[in-house]
Amino acid sequence: MKKLFIYDFDGTIGDTRLTIVTTLQATLHHYGFENLSNDTCAATIGLTLEDAFQSMVEGLSRDKAIEMAAYYRIIFEDNKALLRPQPFPHVIDTIRAVNERGIIQTIASSRGNQSLMDFVNDMQLTPYISMVVGANDVVNPKPHPEAVITIMERMKVGAKDTLVIGDMPFDIMMGANAHCDTCGVTYGNATRQQLADSGATHIIDDFQQLLEL
């Protein structure tokens with residue numbers, strides 16, 4: 001039994017795909033760029049916003065990506081009120097059950113801290129989550145292991161007792177780079193094959209299957 005779970009948020013705990021994709025497309029349109037498909041936009045979830053825009057727009061400068069990210073954050077606040085993300089099925093009950101087993105639960109996300117904490121609070125997860133590491137807390141974003149290492153050090157738990165759970169290859173690689181076992185979830189923004197190719201230790205189709213690992 002692992003002692004520490006480190007969850008990704010977007011696509012793992014919260015179903016934020018529609019809100020994110022809609023906001024990415026609106027930002028691209030605002031700056032006069034091609035309106036990319038839902039799947040193309042969703043494939044960037046897990047990257048920092050700046051990296052996401054640079055991956056979608058060929059030759060985009062870092063300064064322009066930073067500007068677009070700032071605009072995205074502004075309109076995301078309106079969009080999340082209209083397209084309010086919900087937790088995926090069985091997430092809340094499973095997190096409560098994991099808590100009852102005495103496993104420490106934390107979050108490592110590429111989302112900005114304020115937005116991330118708003119979602120954690122809205123979903124009433126605060127009593128169960130011991131630590132949240134957002135984009136503002138690290139120098140090196142996923143798939144760099146900084147967030148995982150930071151959490152393990154704070155919680156005083158080693159890699160062999162830690163499981164990293166996420167829906168994207170970036171999450172799996174982040175965990176592997178910290179020498180942790182990993183678990184990919186197939187209901188998020190990547191395919192089972194992509195998770196397998198990234199080296200996930202476990203792959204599950206429903207969040208509650210964490211209780212069987």
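## Basis

The model is predicted: local features need pLDDT of at least 70, side-chain atom pairs count only at pLDDT 80 or more, and totals for chains, interfaces and linings use all residues. Residues are numbered from 1 along each chain as its sequence is written, and side-chain values use heavy atoms, with hydrogens and water left out.

Helices (H or I, at least four residues) and strands (E, at least two) are DSSP runs numbered from the N terminus.

## The sheet

Six strands make up an open sheet with parallel pairing, in the order β5-β4-β1-β6-β7-β8; two strands pair if DSSP finds at least two bridges between them. The edges are taken by β5 (131–133) and β8 (202–204), each with a single partner strand, so one side of each has no neighbour in the sheet. From one strand to the next the twist averages 20°.

Strand β1 (residues 4–7) is joined to strand β4 (residues 104–108) by four bridges in the parallel sense. Ile-6 has Thr-106 as its bridge partner in β4. Strand β6 (residues 162–166) and β7 also run parallel, with four bridges, and Gly-166 is bridged to Gly-184 in β7. Strand β7 (residues 181–185) is largely enclosed by the rest of the structure, because four of its five residues are buried. Buried means under 20% relative accessible area, exposed over 50%, and partly exposed in between (1.4 Å probe, protein chains only).

Two packed helices are described by the angle between their axes and the distance between the axes. Axes here are lines fitted to C-alpha atoms, for helices over the stretch in contact, and angles run from 0 to 180 degrees between N-to-C directions.

Helix α1 (residues 17–30) and helix α3 (residues 49–56) have axes that come within 12 Å and cross at roughly 60°. That makes α1 oblique to α3 (angles under 35 degrees count as roughly parallel, over 145 as roughly antiparallel, 65 to 115 as roughly perpendicular and the rest as oblique). Leu-24, Thr-27 and Leu-28 of α1 are in contact (heavy atoms within 4.5 Å) with Leu-49, Phe-53 and Met-56 of α3. The residues of this contact are five nonpolar, one polar and no charged. Ala, Val, Leu, Ile, Met, Phe, Trp, Tyr, Cys and Pro count as nonpolar, Asp, Glu, Lys and Arg as charged, and the others, Gly among them, as polar.

The axes of α3 and helix α4 (residues 62–82) come within 8 Å and cross at roughly 115°, again in a right-handed sense. On the α3 side the contact includes Glu-50 and Asp-51, and on the α4 side Arg-62 and Arg-73. By class, this contact has seven nonpolar, one polar and four charged residues.

## Helix α8

In helix α8 (residues 169–177), the buried residues are Pro-169, Phe-170, Asp-171, Ile-172, Met-174 and Gly-175. These pack against β4, α7 (146–155), β6, β7 and α9. His-179, which follows α8, has a positive phi, near 65°.

## Arg-192

Arg-192 lies in helix α9 (residues 192–197) and counts as partly exposed, at 41% relative accessibility. Apart from its neighbours within four places in sequence, Arg-192 contacts Thr-186, Ile-203 and Asp-205. Arg-192 and Lys-142 are 50 residues apart in sequence and 19 Å apart in space, C-alpha to C-alpha.

How values were computed:
Left-handed = near helix turned anticlockwise from the far one by under 90°.
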